[in-house]
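Please read the following report with the sequence and the three-dimensional view at hand.

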Amino acid sequence: MERPARLCGLWALLLSAGGGGRAARPEFQLPVTNLSVSVENLCTVIWTWNPPEGVSPNCSLSYFSHFGNKQDKKIAPETHRSKEVPLNERICLQVGPQCSTNESDSPSNLEEKCISPPEGDPESAVTELQCIWHYMKLMNCTWLPGRKTSPDTNYILYYWHSSLGKILQCKNIYKEGQHIGCSFALTEVKDSSFEKHSVQVMVKDNAGKIRPSFHIVPLSSHVKPDPPHIKKLFFHNGDLYVQWKNPQNFYSRCLSYQVEVNNSQTETHDIFYVEEAKCQNSEFEGNLEGTICFMVPGVLPDTLNTVRIRVKTNKLCYEDDKIWSNWSQEMSIGKKDNPTLYITMLLTIPVILAVAVMILLLYLKRLKIIIFPPIPDPGKIFKEMFGDQNDDTLHWKKYDIYEKQTKEETDSVVLIENLKRASQ
């Protein structure tokens, strides 16, 4: 009789346990209470809530939450969740409690809390807002005015990051073409894990007529390094070796390089892309920290070669790999062309041309006669042959005319005298 009694007792315990489980199951569907949302700094959104009421002490509460479209799912025991997000669009968080950390047991009764974008006409907000971290020292942000914005709008840029105690205003507003920009120092970020941080930016106007625009700049992207510094050039076994020093605050493994070599004889320039380079030649003064070497093949040593280098971040350490630094200062190696020869030629050639022109002008007539001899004139030749006879004939003709005139005058005088005598 004792064994059946014990079996009945165990069965009763199982039933009571099962009944307790069925009674506790509705606790998973209880919603959280006092769900609220707030904004800290410029773009840090924080949701907070309280546990549901009437939860069994045996339930180890966790909270399942996700953003709109079930993004960034998370199960954690904390009663809050935060996210850095630009407040240009509406963002919502859904959260619900559960007694396990298994995602398959996620509650179906989720509470939702949203935060709306700032008030104002969306077409009045600035566009193409972007920021670049120059040399890890200076952050420069630029934007274009909105479509429905007055040309005389006075813009204000506010920024914040984790190393600041408060939100700061950028003072260096400038205009460059259609773009408007502002730059501020960003050297306070000294944490070795700075790439996990970001800078929050907001642009608005001082009159409150345009809609504020927000932007988050991860410090692991949009970084523009300093140009490198070329330290040494030399030839070895017909190859050109280039040694340069990396920009400050950048590791070699986080950079990609571009080496440009210009040859004075061929008047061409070759560009070499360098992902990884090491100094392996004894002529370099050791492999110093931050020093890079590269061998350029096929360079003519008997001509002047000019080298310059630029760098950019790579995706091994950064999210962005498209922003090149400025070109470094040029350094040259090889034989320089002697400028004296060119100067002498430039001075001599005009003198020679001037003398040649003068000689040609002086002897042009003689050259013309030599090159194009004159054609004899038949009339002149005939005149020279019969010139005497023509002169005599002309002389006699003139004499006959003179005699005739003299005779006529004499006859007239005689006639007049005869008439006078007859009248007497």
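Predicted model: local features only at pLDDT ≥ 70, side-chain atom pairs only at ≥ 80, totals over all residues.

Residues are numbered from 1 along each chain as its sequence is written, and side-chain values use heavy atoms, with hydrogens and water left out.

Nine bridges hold β19 and β22 in antiparallel pairing, where two strands count as paired if DSSP finds at least two bridges between them. Within this pairing, V259 has I309 in β22 as its bridge partner.

**Strand β2 and its partners**

Strand β2 (residues 44-50) is mostly covered, since five of its seven residues are buried; buried stands for under 20% relative accessible area, exposed for over 50%, and partly exposed for values in between (1.4 Å probe, protein chains only). Strand β1 (residues 33-40) runs antiparallel to β2 and is joined to it by six bridges, and V39 finds its bridge partner in V45 of β2. The two strands β1 and β2 form a hairpin with three residues between them, and N41 in that turn has a positive phi of about 55°. Strand β2 also pairs with strand β5 (residues 80-84), again in the antiparallel sense, over five bridges, with H80 in β5 as the bridge partner of T48.

**Disulfides**

A disulfide is a covalent bond between the sulfur atoms of two cysteines. A search of the whole structure finds five disulfides, each counted as a pair of cysteine sulfur atoms within 2.5 Å. Three of these are set out below.

| Disulfide | S to S distance | Angle about the S-S bond | Hand |
|---|---|---|---|
| C92 and C114 | 1.8 Å | 110° | right-handed |
| C170 and C182 | 1.8 Å | -100° | left-handed |
| C254 and C317 | 2.0 Å | -65° | left-handed |

In the disulfide of C92 and C114, C92 lies in strand β6 (residues 91-98) and C114 in strand β7 (residues 111-115), so the pair ties together parts that are 22 residues apart in sequence. C92 is buried, at a relative accessible area of 11%.

The disulfide of C170 and C182 links distant parts of the chain, twelve residues apart, with C170 in the loop between β11 (168-169) and β12 (172-176) and C182 in strand β13 (residues 179-185). Both C170 and C182 are buried.

The disulfide that joins C254 to C317 ties together parts that are 63 residues apart in sequence, because C254 lies in the loop between β18 (239-245) and β19 (255-263) and C317 in the loop between β22 (305-313) and β23 (331-333). C254 counts as buried at 4% relative accessibility, whereas C317 is partly exposed, with a relative accessible area of 23%.

Definitions and conventions:
Helix = DSSP H or I, 4+ residues; strand = E, 2+ residues; numbered from the N terminus.
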